[in-house]
Amino acid sequence: MEMGRLNNLNNQQKDSKLIWHPYTHYESLPNIVISKGEGQYLFDENGNKYIDAISSWWVSIHGHCNRYINEAVYKQLQTLDHVIFGGFTHYPAIEISERILNLIPFHNKVFFSDNGSTAVEVAVKMAIQHFHNQGIKKNKIIAFKDSYHGDTFGSMSVSSRSIFNKAFWDFLFDVEYIDLPNENNINEVVEHFKQTTINGDVAAFIYEPLLLGAGGMKIYKPEHLEILLQLATSANVLNIADEVMTGFGRTGKMFASEYMITKPDLICLSKGLSGGILPMGITTCNSKVYSSFEQTDKTKTFYHGHSFTGNPITCAAAIASLDLFDINNILEKIQDINNLHIAFVQSLSKYKQYCRAETIGVILRIEFINNENTSYLNNIKDVINEFFIERKIIVRPLGNIFYLLPPYCIEKTDLEYIYKTIVEFIQTISSNCK
Ligand SMILES: *Cc1c(COP(=O)(O)O)cnc(C)c1O
């Protein structure tokens, strides 16, 4: 490439020339150049101020450039930037592990990786090797239809087959998909689950507790999940809770798994883990899983690791993020946000011809009804995006599924402005329908 020619271009044009963006069709609108973040707001290079209503792809739980987290990171940077994590360890990794395991008292080991997909990858590999190490042959995994667990091959395999991974279907390992349970189908789902586990060859059941994220923000009931978790346990199937999105308060409790009596054998964490400022994944497990790796036979070792495993700076950010939960009474803030969402959902009932709304924790989900099917490719997505960007609100609907997933520092006035904008949007589609 002739670099000289780029000199005449502005940042947006350079970006278009140079960068292949994630989940982005090549004809999409140019990317907005963001130059500053502050709390719940992002600022573009022209000085426009946007509300980040989706926490920058669900990660920035405390908003942007939080001073407390930044100071912890800066302090860590001055003492230890990184160290090989095989044969060596460090205080920030020990402290974050202790803090995480205090929050998950039924688990006793933490394994570090780099993102949500790798946290899932690690959990699935641990589950399979757990049985392999005991000489038990199990080669099946159960997952939900419409689940999303990541974009690496293993995490794609356990995700629902969709347009996201269609090119790779032939290369993905087989998974048994069960429907998301509801009042009407719970008996059939239970029957399907029992039939699938009857031969004893299922290693794991992987699920996003209470809420399927990228598969359409689908909310389901803890009592239904409880039944499936108990069935799995009694069939010697390991339960893997993918809390990459639901973790760190999103559903109203620190972890969505707290809504169930049966506790998972493995938990995957990422996204909000570091306060959303640096990449990190964690997989935790109980002593049942770990014990099958405690063997003198060296071939029973878990041979998995990434170059940046347990990065000290990221650990320091994660510790600071957990501090903020106490300092800022985050779980109460989440309740306040949920109460506002509940009132707004009720007020939307008069538009039930055009949309259906639901809420859990800080998540508000609105399914818009148009003459296309509910799908990621529903064209209303672009209309919604433009409407909200013009009004300086950052959202990223999953087709016709609109959702809010705001940082916890969002204020009541911001939410009221977003609600007002949603109503305006509904009025434009309702007047187009007349
Ligand atoms: C986002 C997400 C992942 C993947 O995490 P990445 O960090 O994007 O790889 C996995 N599981 C769930 C439930 C997610 O929401």
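Leaving aside neighbours within four places in sequence, E358 is in contact (heavy atoms within 4.5 Å) with I219, V345, I363, L364 and R365. The model is predicted, so local features need pLDDT of at least 70 and side-chain atom pairs count only at pLDDT 80 or more, whereas totals for chains, interfaces and linings use all residues. Residues are numbered from 1 along each chain as its sequence is written, and side-chain values use heavy atoms, with hydrogens and water left out.

- E358 is found in strand 13 (residues 355–360), where helices (H or I, at least four residues) and strands (E, at least two) are DSSP runs numbered from the N terminus.
- With a relative accessibility of 34%, E358 counts as partly exposed; the scale takes buried as under 20% relative accessible area, exposed as over 50% and partly exposed as in between, for a 1.4 Å probe and protein chains only.
- A network of salt bridges links R356, E358, R365 and E367, a salt bridge being a side-chain nitrogen of Lys or Arg within 4 Å of a carboxyl oxygen of Asp or Glu.
- Between E358 and Y403 the C-alpha to C-alpha distance is 9.6 Å, although the two residues are 45 residues apart in sequence.

**Other salt bridges**

- The structure holds 15 salt bridges, and one of them joins the side chains of R99 and E95 at 3.3 Å, N to O.
- Both R99 and E95 lie in helix 4 (residues 91–103), where a separation of 4 residues corresponds to about one turn of the helix; R99 is partly exposed at 22% relative accessibility, and E95 is partly exposed at 35%.
- K218 forms a salt bridge with D146, with the closest N and O atoms 2.6 Å apart, and this pair links distant parts of the chain, 72 residues apart, with K218 in strand 9 (residues 218–219) and D146 in the loop between strand 5 (140–144) and helix 6 (153–158).
- Of these two partners, K218 is partly exposed at 27% relative accessibility, and D146 is partly exposed with a relative accessible area of 29%.
- E183 forms a salt bridge with K221, the closest N and O atoms being 3.3 Å apart; here too distant parts of the chain are linked, 38 residues apart, from the loop between strand 6 (176–178) and helix 7, which holds E183, to the loop between strand 9 and helix 8, which holds K221.
- E183 counts as exposed at 53% relative accessibility, whereas K221 counts as partly exposed at 35%.

**Packing of helix 7 and helix 8**

- Helix 7 (residues 186–197) and helix 8 (residues 222–234) pack at an angle of about 15°, with their axes 10 Å apart.
- Helix 7 is therefore roughly parallel to helix 8, given that angles under 35 degrees count as roughly parallel, over 145 as roughly antiparallel, 65 to 115 as roughly perpendicular and the rest as oblique.
- From helix 7 the contact is made by I186, V189, V190, F193 and K194, and from helix 8 by H224, I227, L228, L231 and A232.

**Positive phi at non-glycine residues**

- W58, although not a glycine, has a positive phi of about 75°; W58 is placed in helix 2 (residues 55–58) and counts as buried at 7% relative accessibility.
- K392, also not a glycine, has a positive phi of about 65°; K392 lies in the loop between helix 12 (380–390) and strand 15 (393–394) and is partly exposed, with a relative accessible area of 28%.

Methods:
Axes fitted to C-alpha atoms, helices over the stretch in contact; angles between N-to-C directions.
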